[in-house]
Amino acid sequence: MDLRLSERHLKFRDELRAWLAANLPRTWHDELRDPRATEDSLMELRRNWQRKLHRAGYLGMDWPAEWGGRGASEVEKSIFEEELASVDAPQILNFLGIGLLGPALIHHGTEEQRRRYIPPMLAADEIWCQGFSEPGAGSDLASLRTSATLDGDHFIVNGQKIWTTFGPWADWIFVLARTDSKDRHGGISFILCKLNTPGVTVRRLRQITNESEFGEVFFEDARVPRENLVGQIGEGWRIAMTVLAYERGAMSLAYAARFGRDIELLAAACNEYGRKDRAVREKLARLLVENEVMRANGIRNLANLADGNKPGPESSLEKLYWSEFDKRFRETALDILGPGGQLLRTAASARSDVDWAREFLWSRAGTIYSGSSEIQRNIIAKRVLNLPQA
Amino acid sequence: MKFELSEDQALLRQSTRDFLANEWPIEKSRKVMEDAPRGYDAAAWVRWAEMGYLGLLAPASAGGQGLGAIELAIVCEEVGRACMPGPYLDVVLAAAALSAAGGHDAALSDLCAGKTLTTIAREDAPYAGERIPLARAEGGRVRGTKCFVPFAAQADALLVVASDALWLTHKPFAVTPMPTIDPAQRFGEVAFDHAAARVAAVSVLDRVDRIAAVGASALLLGIMSRCLETTIAYVQTRQAFKRPIGSFQALQHRLAEMLLRTESSRSAVYRAAWCVDCNEPDAALACAAAKAYAGEASRLVCGESIQMHGGIGFTWELDLHFYFKRAKTLEQHYGSTETQFERALNAAGY
């Protein structure tokens with residue numbers, strides 16, 4: 001057992017820290033609180049931040065060299081996420097493109113597709129959104145009904161996608177569409193579609209946070225060139241499942257860094273307001289303990305990755321832990337802070353350390369997106385515990 | 001970086017598991033827990049000592065093995081899985097105290113050899129928050145009462161915490177038994193009026209407390225792993241409504257939660273042990289977190305195990321209740337959850 005980073009990884013981390021100190025002028029929270037900030041200006045900020053990271057060689061680190069790769073692994077990626085979280089850096093704008101589509105193209109795309117799509121994706125010149133969920137297909141994704149029918153050298157796409165993160169800001173969407181109505185999994189294909197294609201409409205959806213980060217995308221006889229198919233017809237489900245495994249990488253360390261930062265600020269707020277009674281201290285301690293255990297999970301997973309193990313269905317345990325803990329944490333923060341914790345950041349008396357109200361609302365999303373807690377528990381029951389299926 | 005155990009450590013795990021399977025199978029341990037007034041099998045205890053388990057952490061100069069917290073976690077996990085009755089962790093902690101104090105090689109080597117059963121007398125009162133006069137040390141004597149002294153009636157020597165120091169006393173002790181719900185653990189109230197040798201200042205217990213947190217949380221981890229395995233096996237065979245009950249989502253999701261808590265405890269326990277062995281600055285926080293988390297996790301894991309077994313889970317006949325009760329002892333002792341919370345806050349500077 002050895003839980004220390006190797007010399008090589010320590011060097012990577014220290015260089016990254018130095019780079020962040022020199023290149024990140026303000027925390028994401030400070031950007032959010034800026035009275036001049038708008039949804040659009042924040043998106044531009046994230047675009048520029050992504051470009052900076054890309055120029056410094058921090059995106060696509062584990063991809064082949066010609067796409068920005070530098071022989072990095074899941075370990076560097078986890079360190080990267082942890083360090084960015086601990087300095088409260090903005091999230092890059094094209095995280096769905098780089099996180100999901102990039103790996104899909106590298107593993108399943110053609111050389112031509114890689115050359116066409118990867119450079120502008122990395123440079124944040126083309127922003128991607130993910131067209132998986134539908135109004136009638138969420139947790140049961142394979143029941144999706146958006147159809148793609150071949151007509152000569154085009155697919156005719158019809159249907160509706162929803163909860164499309166960045167839909168309103170994206171240029172492109174990668175779509176799971178049904179090419180065979182009879183084959184549940186084998187009848188799904190992975191297709192790239194430009195959002196300004198005639199017949200494609202994007203509508204904003206207002207979230208409970210009063211933001212519109214996601215939207216819905218409608219397809220009405222939209223004609224998409226056949227060459228925009230990734231992999232073969234009917235391979236979409238398999239491709240989607242492999243790339244989702246990337247999305248569920250070792251994230252516990254990044255969440256432990258981010259939550260740890262907020263817990264520290266919450267503790268400082270307790271001091272400020274003289275809240276030293278036993279009930280409050282117990283709540284704070286519970287958060288601290290749960291976060292520390294999440295960090296231990298992260299260290300264990302990181303060590304396993306560094307030791308050459310591939311991430312498996314255990315990543316469902318990670319997702320379940322951080323997303324459920326996020327909800328408990330944010331509820332508790334509002335408990336401790338009292339009614340002031342619910343103030344919008346525009347309120348004069350809102351705390352300036354963390355936007356507690358926004359974090360509280362956002363915590364409801366984590367247990368739904370990217371495989372709900374119920375789906376994660378199903379995966380654990382089936383693939384880790386091998387329980388009999390109904 | 002590597003989470004996996006080293007070859008030697010994996011060997012220790014296997015040999016401990018084998019030894020416990022031979023010497024302390026649950027059928028035998030049940031009889032000891034039910035009938036043996038001593039609370040453990042003395043003959044097996046001697047063989048256990050001969051294997052070096054009591055001196056696991058003690059220096060070689062005192063007949064110990066000079067191993068670390070990771071090895072202790074490995075052994076305790078197995079002891080927990082086997083539901084082995086007896087004062088194992090208590091003796092290891094006494095040895096850790098003597099080792100940390102230094103200069104007690106003779107006492108330590110008798111302890112490691114299993115010749116003198118020694119535990120630490122620490123608790124002042126049976127109920128949290130209750131105020132009673134503390135035991136005091138004056139003029140080379142310790143006077144006063146200690147509660148929940150582990151295996152007091154069987155002990156040859158006791159390390160008494162009194163007047164900001166640790167004192168070594170020897171039998172005979174006036175013991176009033178304090179039977180609890182957990183038959184794997186024996187406690188007694190001891191009225192001291194004993195000649196005592198000063199061993200060290202109480203600050204020596206800081207290290208002992210961390211070892212205690214690692215050991216107790218590893219015992220809890222072993223208990224949880226065993227309960228979960230037993231329950232998974234049961235839900236696969238037990239039929240209701242013409243199907244195995246493990247195929248019902250109402251149970252599957254709770255079993256997934258049990259696995260999450262058990263595996264998270266595993267991460268926390270071994271990380272804490274590693275931090276202790278490497279003198280990491282995070283050690284205090286990691287130990288407190290491991291013990292607090294594992295204690296609470298055990299409520300869910302052991303409790304749900306009983307629930308999922310239905311009526312048979314509430315019978316004495318099934319082994320589960322021994323684990324359930326053992327977990328309750330471990331949760332309250334070796335630094336209760338409340339105590340660990342306070343330590344975690346202190347370690348973080350809150």
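## Terms and conventions

Two residues are in contact if their C-beta atoms, placed from the backbone, lie within 7 Å. Helices (H or I, at least four residues) and strands (E, at least two) are DSSP runs, numbered from the N terminus.

The model is predicted: local features need pLDDT of at least 70, side-chain atom pairs count only at pLDDT 80 or more, and totals for chains, interfaces and linings use all residues. Residues are numbered from 1 along each chain as its sequence is written, while chains are lettered from A and ligands numbered from 1 in the order in which they are written.

## Helix H4 of chain A

Helix H4 of chain A covers residues 74-86, and its end C-alpha atoms are 18 Å apart, in agreement with the 18 Å that its 13 residues should span at 1.5 Å a residue. The expected span is 1.5 Å times one less than the number of residues. Of the 13 residues of H4(A), 10 are buried, so the helix is largely enclosed by the rest of the structure. A residue counts as buried if 20 or more other C-beta atoms lie within 10 Å of its own, as exposed if 12 or fewer do, and as partly exposed in between, with C-beta atoms placed from the backbone.

Among the buried residues of H4(A) are Val75(A), Ile79(A) and Leu84(A), as well as Glu81(A), Glu82(A) and Glu83(A). The buried residues of this helix pack against helix H1 (7-23), helix H8 (252-272) and H9 of chain A. Just after H4(A), Asp88(A) has a positive phi of about 55 degrees.

Ala306(A) lies in helix H9 (residues 278-306) of chain A. It counts as buried because it has 23 C-beta neighbours inside 10 Å. Leaving aside neighbours within four places in sequence, Ala306(A) is in contact with Val75(A) and Met1(B). Ser6(A) is 300 residues from Ala306(A) in sequence, yet their C-alpha atoms are 9.0 Å apart in space.

Helix H10 of chain A comprises 23 residues (315-337) and reaches 33 Å from its first C-alpha to its last, close to the expected 33 Å. Gly338(A) follows H10(A) and has a positive phi, near 80 degrees.

## Overall form of chain B

Chain B contains 11 helices and 10 strands. Its radius of gyration is 20 Å, close to the 20 Å that the globule rule gives for 350 residues, so chain B is as compact as a globular protein of that length. The radius is taken over C-alpha atoms, and the rule is 2.2 Å times the number of residues to the power 0.38. Along its principal axes, the C-alpha trace of chain B spans about 75 × 45 × 40 Å. Of the 350 residues of chain B, 53% count as buried.

An automatic or database domain assignment divides chain B into domain 1 (7-112), domain 2 (118-202) and domain 3 (205-348). The centres of domains 2 and 3 of chain B, taken over C-alpha atoms, are separated by 28 Å. Six residues of domain 2 of chain B are in contact with six residues of domain 3 of chain B.

## Interface between the chains

In the interface, 36 residues of chain B are in contact with 36 residues of chain A. H8(B) gives the largest share of the chain B side, 13 residues.
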